[in-house]
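User: I have a sequence and a model open on my screen. Please walk me through how the parts pack together.

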Amino acid sequence: TTGTDIRTWFDGRWHDGDVPVMNAADHGAWLGGTVFDGARYAYGLAPDLLAHCVRVNASARALMMVPHIDPRDMVGIVWEGLRRYPQDAAVYIRPMYWTRQSGPGAIVPAAAEPGFCICLESIPMPSEDASVRLTTTRFRRPVIESSVVNAKAGCLYPNNARMLAEAQAKGFDNALVADALGNVAETATANVFMVRDGEVLTPVPNGTFLSGITRARHIANLTADGMDVRETVLTFDDFRQADEVFLTGNMAKVTPVSDFEDRHYDTGPNGNPVTRRARQLYWEWAASAAD
Ligand code: PMP
């Protein structure tokens, strides 16, 4: 394998490689005040890049930071960095903010300008056909009163890591994760949809899980295509009774689900027509959109 090709935008310019950005006294380093967003560049396209840059600023505000980089400027900086990669490269785009020093023992972050960087990392070209197998997990999404669930915050992800590790230890790829009430929220890394009797269903955002940018894009595309798409409360049993299940996220766009525990879904050439239609609509939209 070839090594990952990393570029970092920090302190006003692009650097080759993975550069140090945090200081020992930075508030974010010891109290976890970090936010990020993730977008994917592939096939010369970075779909919804502006939306991801807008969201990282919203995430920063949720952690009491005052973001100082305009999302449109961020998009320009990212494209400048992407030009340093071969045109056929696939690259993960990660803008990040973190709280800077606030003085010893200060739990509330200073109003000082937060740290900011953008990290680009080359990734293997994702396979569009890979399907995943899901299980359940005993770990749940926190509620807004107990964590900053309204942000894409680094501090939420150790919980997602234990969900994934638990699922993988059981021989699955990922887990369907419950919210505080026990209804399905999302997976450890992506949002989830199911199809039943021709209707597309996805958990209604209730403040406990990331209401994904790719999720919103698929809802818009499928609705415009004439499908019935409904956001509603969904249980694990609803997923057992589904005709098809798919995941959405910036990394894989649409991922077919072949199994949920002992329930198998047909992901063969005729088995998941809505999943395949969602993928086709996504790429038609992406080719015509420009960020
Ligand atoms: N849920 C979680 C926990 C995620 O990490 C991601 C990936 N960012 C998503 C959902 C999908 O969100 P998006 O479509 O905005 O990438």
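User: How are helix 5 and helix 7 oriented to each other?

Analyst: This is a predicted model. The axes of helix 5 and helix 7 (residues 273-288) cross at roughly 100°. Angles of 65 to 115 degrees count as roughly perpendicular. Helix 5 and helix 7 are therefore roughly perpendicular.

User: Which residues of helix 7 make the contact with helix 5?

Analyst: The two axes come within 9 Å. Helix 5 brings R217, H218, N221 and L222. By class, this contact has five nonpolar, two polar and one charged residues. From helix 7 come A278, L281, Y282 and W285.

User: Which element gives the most to the shell around the ligand?

Analyst: There are 14 residues around the ligand, and G212, I213, T214, G249 and N250 come nearest. Two elements give two or more residues to this shell: helix 5 (213-224) and strand 13 (244-249). The top contribution is three residues, and it comes from helix 5.

User: How many residues of the shell around the ligand are polar?

Analyst: The shell divides into three classes. Three residues are nonpolar and two are charged. The polar count is nine.

User: What distance separates the centres of domain 1 and domain 2?

Analyst: The protein chain is divided into domain 1 (6-123) and domain 2 (132-288). Their centres are taken over C-alpha atoms. The separation is 26 Å.

User: Which element supplies the largest share of the side of domain 1 that touches domain 2?

Analyst: At this interface, 17 residues of domain 1 are in contact with 12 residues of domain 2. On the domain 1 side, strand 3 (34-36), strand 4 (39-41) and helix 2 (49-62) each supply at least two residues. By class, that side has eight nonpolar, five polar and four charged residues. The largest share is five residues, from helix 2.

User: Is helix 2 oblique or perpendicular to helix 3?

Analyst: The axes of helix 2 and helix 3 (residues 71-82) come within 9 Å and cross at roughly 125°. Roughly perpendicular covers 65 to 115 degrees, and roughly antiparallel starts over 145. The angle therefore makes helix 2, relative to helix 3, oblique.

User: Is the crossing of helix 2 and helix 3 left-handed or right-handed?

Analyst: Helix 2 meets helix 3 through L49, L50, C53, V54 and N57. Helix 3 answers with P71, M74, V75 and V78. The crossing of this pair is right-handed.

Note on methods: Residues numbered from 1 in each chain as written. Predicted model: local features only at pLDDT ≥ 70, side-chain atom pairs only at ≥ 80, totals over all residues. Near = placed C-beta within 6 Å. Helix = DSSP H or I, 4+ residues; strand = E, 2+ residues; numbered from the N terminus. Nonpolar A, V, L, I, M, F, W, Y, C, P; charged D, E, K, R; others polar. Domains from an automatic or database assignment. Contact = placed C-beta atoms within 7 Å. Axes fitted to C-alpha atoms, helices over the stretch in contact; angles between N-to-C directions. Parallel < 35°, antiparallel > 145°, perpendicular 65-115°, else oblique. Left-handed = near helix turned anticlockwise from the far one by under 90°.
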